[in-house]
Amino acid sequence: MIVRVRDLVKRYGDILALDHLSFSIEEGEIFGLLGPNGSGKTTAINCILSLLKYDKGEIEIFGQPMRPDAYDIKRNIGIVMQNVAVYNELTVYQNIDYFCGLYVKDKNTRKKLVDEAVEFTGLGEYIRFYPKKLSGGLLRRLNIACGIAHKPKLIILDEPTVAVDPQSRNRILEGILELNRHGATIIYTSHYMDEVERICSRIMIIDRGREIATGTSDELKAMISLGEKITVESYSITEAQISAIRELHGITSVEYKDNKLIIKSEKGTNNLETVLDFIRKENIHFGRIYSEMPTLNDVFLEITGKELRD
Amino acid sequence: MFIHVFAYRMKILLHHRETIFWTMFFPLILATFFNMALSNLGSTEKFSPIDIAVVDNEQYRQNANLRLTLAEVSEGDDRLFNLSVVSAEEADKMLKNNKIDGYIVAERPIKLVVNKSGLNQSIIKSFADNYMHTVSATENILARDPSKIQNHISSIEDRVNYIRDVSSSGAEPNTVLAYFYSLLAMACLYGGFIGVREISDIQADISPVAARVNIAPVHKLKTFLYSSMASVTIHIAEMMILLAYLIFVLKVDFGTKTALVLLTTVIGSIAGFSFGSFISAVTKKSEGFKVAVLLSITMACCFLAGMMSQDVKYIILKNAPALLYVNPANLLTDAFFSLYYYDTYTKFLTNITILTGFIVVFCTVTYLIIRRRKYASI
């Protein structure tokens, strides 16, 4: 067990930021903490890192209780903060070297590690640049390099792709998978469900500091009653036709809004062919028609009654 | 670890243009402006000979004593008068045209003609009165007891000024120094800017960089100590540059006790740094707000220490003297003053002891605040 969090409670005055949160992370996992902004992801991370006081609960890392002076534990943790945490007065190389130097004393070893971090994050061309000269994506990569240069066993990435262009985002996500392949256990927080779904081996969805559900992406989707979702773009559907679709076998709900007909099916049923037959028979004109399987947003919506991106 | 943190901290601070401007370039620029503005202040205190005239009439030509006396006080570099011997009409004309401050008519008694009152006119009158008293006393002695005339003449010749303007250390009195000393005190307190930054970079609830440092496997206070040593080293170096500029370029006189002047500057620099750290630690706001608070307090201290006007200092001395002892800028200014003016060290040691006390208080409070390792909120 790499991380074990039990019954964690954190209050900010009257606000309950973490409500008896418990989870554990096995070695080699990419554990995703998914939730909307303000759901308690960063608070949980700061508690795990012993930066924040908490009101109740226990936190163990590598089987040992986590404390501010647990230097042996800290030595094996890498953190990539939500806010870019680098010195504007140091170059890219100097920033990585400085933070790596807080973990690794030997100068030669450090040089090797810094060079590897530079190569890993693709910052080779920018090592003499000051952070202010870097784009948002490069800055995020520098932030990652500063957090992982010392080759930690546990890497915590707190929303590392916020305000990042798609190219840099892809590179960051690929990098995380590679770090994991090299043996690092990862905690990844995000409110982007596609990212979490793409890289995380296990996901915990949290809202208002509480655990909503935990499992693999498929396990989470299996928890809800919703199955396939069919969307038909059309300008000319009557109320009678909508009612008729609602009567088809395996359909749970039909909604017509903004010229889009959204048909939701029961879990395990496939209604695309049935819907297409109906449209042909009724001679309904349509633009596009497509079918989607449930997403993590649907999971969140069904459990909490609100969108994940609220 | 010490060398790693120390060396990088030096790089970080030396590249922080804003801090370097306020802690080094701003005092240098201000010192240059002070020098330009105050360089003539000393010369205005030098005495300039007063332009007078004496009417060249028959009585004047016959009054050998008056001629001799006027000739004596109108000779040499330290002369009292620039004397013109002219006709009565010419003297009137010169007075009307402000070419002279007054003229003397050798009548009995001596007549002094001026067209306005002022310092120069008072000096001419004082001279005329003094001359008349001496002549009158001499005539009385000659009339009543001529045997005592020799004693009287001796007393006139031996006139001594019993008050002399000297400092106890032998240094030349110089009113301009006060401004430069308070400027140096201000520069020392500007070390507070570095102190503010130092705290911001170690408090995880203030900056993300500090949070990263707090997560690293190093003792937070050790990191702070190493980092602070780099900060203080830089600020002391800046103060030495300023001091060298004041002494060697602007020729500001700091007296002969150079080692103690350096020591005072170093203590002042540490006081400034610890003051900034203290302000930063107790103020739970953004770094900009902390800098604003520090700047306001520092400038208020310098104002009360007489940096803008020496009168302020005297008003405080008269009405609230205790305030002078709780004002770090004033303690520093007075310490430099006492080194320049006094041979004794009582005043200097008092000020340095109080200043050291402040450093201890500032450091203790800062330590008590930053020693915590977990935060209530980030």
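Is Lys251(B) buried or exposed? In this predicted model, Lys251(B) counts as exposed, because 9 C-beta neighbours lie inside 10 Å and a residue with 12 or fewer is classed as exposed. Lys251(B) is placed in the loop between α12 (220–249) and α13 (258–282) of chain B. The phi angle of Lys251(B) is near 60 degrees, a positive value in a residue other than glycine.

A positive phi in a residue other than glycine also occurs in chain A, where Lys151(A) has a phi near 55 degrees. Lys151(A) belongs to the loop between α5 and β7 of chain A. Lys151(A) is partly exposed, since 18 other C-beta atoms are found within 10 Å, a count that lies between the limits of 12 for exposed and 20 for buried residues.

The overall organisation of chain A is considered next. Chain A contains eleven helices and 14 strands, and the C-alpha trace spans about 75 × 45 × 35 Å along its principal axes. Of the 310 residues of chain A, 41% count as buried. Among the contacts in chain A with a separation of 6 or more, 67% are made by residues 24 or more positions apart.

The domain assignment divides chain A into domain 1 (3–221) and domain 2 (224–304). The centres of these two domains of chain A, taken over C-alpha atoms, are separated by 39 Å. Eleven residues from domain 1 of chain A and nine residues from domain 2 of chain A take part in the contact between them. On the domain 1 side, at least two residues each are supplied by α7 (193–199), β9 (202–207), β10 (210–215) and α8 (217–222) of chain A. The residues on this side of domain 1 comprise seven nonpolar, one polar and three charged.

Chain A includes an open sheet of six strands, arranged in the order β6-β7-β8-β3-β9-β10 with mixed pairing. The edges are formed by β6 and β10 of chain A; each has a single partner strand, so one side of each is left without a neighbour in the sheet. From one strand to the next, the twist averages 15 degrees.

Within this sheet, β3(A) is joined by five bridges to strand β8 (residues 185–190) of chain A, and the two strands run parallel. Four bridges link β3(A) to β9(A), again in a parallel arrangement. Leu33(A) stands opposite Thr189(A) in β8(A), while the bridge partner of Leu33(A) in β9(A) is Met204(A). Leu34(A) is likewise positioned opposite a residue of β9(A), namely Ile205(A).

Strand β3 (residues 30–34) of chain A is largely enclosed by the rest of the structure, because five of its five residues are buried. In a regular strand, side chains alternate between the two faces of the sheet. Both faces of β3(A) are covered, with Ile30(A), Gly32(A) and Leu34(A) buried on one side and Phe31(A) and Leu33(A) buried on the other. Helix α11 (residues 296–304) of chain A lies across β3, β9 and β10 of chain A, and runs at about 135 degrees to β10(A).

Helix α5 of chain A, residues 136–148, has end C-alpha atoms 19 Å apart. This separation agrees with the 18 Å that its 13 residues should span at 1.5 Å a residue. The helix α5(A) is mostly covered, with ten of its 13 residues buried. The buried residues of α5(A) include Leu138(A), Arg140(A), Arg141(A), Leu142(A) and Asn143(A), together with Ile144(A), Ala145(A), Cys146(A), Gly147(A) and Ile148(A). The packing partners of these buried residues in chain A are β6 (77–80), α3 (92–101), α4 (107–121), β7 (154–158) and α6 (166–181). Among these partners, β6 and β7 also belong to the six-stranded sheet.

Contacts between the two chains involve 23 residues of chain B and 28 residues of chain A. On the side of chain B that touches chain A, the elements giving two or more residues are α1 (2–14) and α11 (208–215) of chain B. The largest share of that side, six residues, comes from α11(B). The residues on the chain B side divide into 14 nonpolar, five polar and four charged.

Key: Residues numbered from 1 in each chain as written. Chains lettered and ligands numbered in written order. Predicted model: local features only at pLDDT ≥ 70, side-chain atom pairs only at ≥ 80, totals over all residues. Contact = placed C-beta atoms within 7 Å. Nonpolar A, V, L, I, M, F, W, Y, C, P; charged D, E, K, R; others polar. Expected span 1.5 Å × (residues − 1). Domains from an automatic or database assignment. Pairing = 2+ DSSP bridges. Axes fitted to C-alpha atoms, helices over the stretch in contact; angles between N-to-C directions.
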